[in-house]
Amino acid sequence: MKKLYFLLCILGIVLPYYHLINFLSNNNWSMEGFWNDIFFGSHPVSMIAMDLTVAATAFLIFLIYQSKKNNLKILKYIICLFIVGFSLAFPLYLYDTHDKK
C-alpha cells in the first residue's frame, strides 16, 4: 500500500501542475481569471471545486485534531495542502501513517 500512496503523491503533484502550466501558458503566464474560471466557469467545474474545498477543509480540521490528540507533526501536510493541494497532502498523510498503529 505504501507504494500506491507514494505513486498517488507523485500524481497529486504532476496532474494538477500539468493543467496549471497549460492554463498559464495559454494566458501569457498570468493568473488573471484563474479563480473565476474555477469557481464560476461552469456548474460542473464549480461543483468539483466546492467538493474539493470541503474535503480539504475537513482534512485540515482532522489534521489539527490529530496534532492535539496524538501530537502529530502537521506542518508538512499543511504546506502541501496550500502549495500543491489536497491531491498531495492526503496521500502523503496516508503514506506517512500507513504502518503506525
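Me: Ala, Val, Leu, Ile, Met, Phe, Trp, Tyr, Cys and Pro count as nonpolar, Asp, Glu, Lys and Arg as charged, and the others, Gly among them, as polar. How do the residues lining the largest pocket divide?

Reply: This is a predicted model: local features need pLDDT of at least 70, side-chain atom pairs count only at pLDDT 80 or more, and totals for chains, interfaces and linings use all residues. Numbering runs from 1 along each chain as its sequence is written, and side-chain values use heavy atoms, leaving out hydrogens and water. A pocket is an open set of points on a 1 Å grid where a 1.4 Å probe fits, with protein on both sides within 12 Å along at least five of seven lines, and lining residues have an atom within 4 Å of a point. Here the lining splits into 20 nonpolar, five polar and one charged.

Me: Which residues lie closest to the centre of that pocket?

Reply: The pocket's volume, the space filled by probe spheres set on the points, is about 1,000 Å³. Of its 26 lining residues, the closest to the centre are Phe34, Trp35, Ile38, Leu52 and Val84.

Me: Which helix gives the largest share of the lining?

Reply: Helices are DSSP runs (H or I, at least four residues), numbered from the N terminus. Two or more lining residues each come from α1 (2-26), α2 (34-40), α3 (43-70), α4 (75-83) and α5 (86-97). The largest share, eight residues, belongs to α3.

Me: Which residues of α4 are buried?

Reply: Buried means under 20% relative accessible area, and exposed over 50% (1.4 Å probe, protein chains only). On the other side of α4, Leu75, Phe82 and Ile83 are exposed. The buried ones are Tyr77, Cys80 and Leu81.
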